[in-house]
Amino acid sequence: MATDKWTEISAYVLVESAEKAVYRIEGLKPFSSYIIAVSCILSFGHWSDWSMETTGTTLESAPSRPPDICYHMETVNKQGPHHLMLMWKALDVYDAHGHILGYQVSYTQTKHPFLSVTTNTTDLKVVLVVTEDELEVTVMAYNSAGGSPYSHLKIDLSLHQTLPSVRRLWVNSEDDRLVLHWDVGHISLPVSEVANEWATDAAHPTSSHWKRVNGSTRSTVLKDHLQPGTTYRINVYPISNQLCGPPKSIFANLEYGTLLGAVGMHVVDVTKNTVTVQWEWQRKEVHPKVLRYRVILRLGETQVESIPVWPEVWQHTFFKLHANTGYSVNLLAETSNDNISREIIPIKTHIFEHNEIMFTFCLIVLLTLGLGVFLILSRTVYKTYFFPNIANPGASVVGRWLLESHHELASTQSSHSSHFH
């Protein structure tokens, strides 16, 4: 069977005179190539040399096992429909028993079992718009000889678990291949496999290509179905048994690798002990090939901290800095030959925190008010004890009465009258 191991048929084919010999070899695997050679024996017991080899291929038969499927459910809005993504693994050649022509996907609403929707696809993924929370899904692979057994999947959104997407996705270009890197982070469910999908960056790509690796793997090499000068959209899916996470996507080509660049770094916040910087990711062709980006904090010529950044990260905060100290932040692009400084920003931390300034301001205001109240009260007490009030004759009723002239005239006339008598 297309290997170096041969199997000798124990039965002999008897040939009389010049008749054509026919022998049926049974028990072979379907849709498999075999190499066949014949030797003959003469009546006196000597075998001849082997004949020239010939190749034969058995016919297809229906696939022997169903596809392994997983799903991801995404709710568009609370009242609207759900997007159900179904994904399955291509059958092994020994299980496919032929060229797989396509897949038949059906789903039935549990509450309405007579309403079934069926669709056919040649891809290993399909996205369905569903409205019910409870569904039963079946997937079947078929070739020219028939269909495989059905894979059955029951989905209940009330018990639905979610699997987050991968992170730190990046692509490096090496000659005629793409090296894909990722990280699954701290996912609570065990990741059994990671599926990688790539297709040309077109509105309607003709086909997608797939590769699956073990769940513990954090990188893989894509080298099939790649052409120079073509941009590819690469999707990475984590898989945990029948659950799969949403795709994390990135664009790349053979010339530059990842077609993303970090630009426009700027400071968004500075305090006494922290500095926060922010940047943007733009899709563009970067030359030379960038292996990764880093944000570096320096104090003079000394590197204080170096942080690798990925397309899902656009902000970072440096902590535990010295107050009233000058630093510089550098956005660095690492390449295979050299490191390229994209942007360097000088920064000086504050002497006080904002809350410290507000506290000091409030304290000064309170002290000022307190001092003012104290001065007012102290002036009143000082005046009371050291400068007592002196009576004002002008404010006296008797004084005003005496100062009136008619009282004086009346008094004089009364005196003269008494003298006359």
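This report describes strands, salt bridges and aromatic pairs in a predicted model.

**Strand S16 and its partners**

Strand S16 covers residues 232-240, and eight of its nine residues are buried, so the strand is largely enclosed by the rest of the structure. S16 pairs with strand S13 (residues 193-200) in the antiparallel sense, over eight bridges. Within this pairing, Ala 195 has Tyr 237 of S16 as its bridge partner. Strand S18 (residues 248-253) also pairs with S16, again in the antiparallel sense, over five bridges. Here Val 236 has Lys 248 of S18 as its bridge partner.

Strand S17 (residues 243-244) is antiparallel to S16 as well, and two bridges join them. Ser 240 stands opposite Leu 243 of S17. The two strands S16 and S17 make a hairpin with two residues between them. In the turn of this hairpin, Asn 241 has a positive phi of about 55 degrees.

Three strands form an open sheet in the order S11-S12-S15, with antiparallel pairing. At its edges are strand S11 (167-174) and strand S15 (219-222), each of which pairs on one side only. From one strand to the next, the twist averages 20 degrees. S11 and strand S12 (residues 177-183) run antiparallel and are joined by six bridges. Glu 174 stands opposite Arg 177 of S12.

The strands S11 and S12 are also linked through side chains. Asp 183 forms a salt bridge with Arg 167, with 3.5 Å between the closest N and O atoms. Asp 183 lies in S12 and Arg 167 in S11, 16 residues apart. Asp 183 counts as buried at 19% relative accessibility, whereas Arg 167 counts as partly exposed at 30%.

**Other salt bridges**

The structure holds 10 salt bridges.

| Glu 197 | Lys 125 | 3.2 Å |

Lys 125 and Glu 197 meet through their side chains in a salt bridge. This pair links distant parts of the chain: Lys 125 is in strand S7 (residues 125-130) and Glu 197 in strand S13, 72 residues apart. Lys 125 has a relative accessibility of 19% and counts as buried. Glu 197 is buried too, with a relative accessible area of 4%.

Asp 201 lies in the loop between S13 and strand S14 (209-214), and Arg 283 lies in strand S21 (residues 275-283), so the pair ties together parts that are 82 residues apart in sequence. Asp 201 counts as partly exposed at 35% relative accessibility, and Arg 283 counts as partly exposed at 45%. Arg 283 also lies over the face of Phe 251, at 4.0 Å from the ring centre.

A network of salt bridges links Lys 89, Glu 193 and Arg 212.

**Aromatic pairs**

There are five aromatic pairs in the structure. One of them is formed by Trp 170 and Tyr 293, which are edge-to-face, with 6.1 Å centre to centre and 80 degrees between the planes. Trp 170 is in strand S11 and Tyr 293 in strand S22 (residues 290-299), so this pair ties together parts that are 123 residues apart in sequence. Trp 170 counts as buried at 2% relative accessibility, and Tyr 293 is buried with a relative accessible area of 1%.

The rings of Trp 210 and Tyr 237 have centres 5.8 Å apart and planes at 25 degrees, so this pair is stacked. Trp 210 is buried, with a relative accessible area of 18%, and Tyr 237 counts as buried at 0% relative accessibility.

Trp 170 and Tyr 293 also belong to one aromatic cluster together with Trp 281.

**Thr 138**

Thr 138 lies in strand S8 (residues 134-143). Its relative accessible area is 14%, so Thr 138 is buried. Leaving aside neighbours within four places in sequence, Thr 138 is in contact with Gln 104, Val 105, Ser 106, Tyr 150, Ser 151 and His 152.

Note on methods. Residues numbered from 1 in each chain as written. Predicted model: local features only at pLDDT ≥ 70, side-chain atom pairs only at ≥ 80, totals over all residues. Heavy atoms only, no water. Buried < 20%, exposed > 50% of the residue type's maximum accessible area, 1.4 Å probe, protein only. Helix = DSSP H or I, 4+ residues; strand = E, 2+ residues; numbered from the N terminus. Pairing = 2+ DSSP bridges. Axes fitted to C-alpha atoms, helices over the stretch in contact; angles between N-to-C directions. Contact = heavy atoms within 4.5 Å. Salt bridge = Lys/Arg side-chain N within 4 Å of Asp/Glu carboxyl O. Phe/Tyr/Trp six-rings, centres within 6.5 Å; stacked < 30°, edge-to-face > 60°. Lys NZ or Arg CZ within 6 Å of the ring centre and 35° of its normal.
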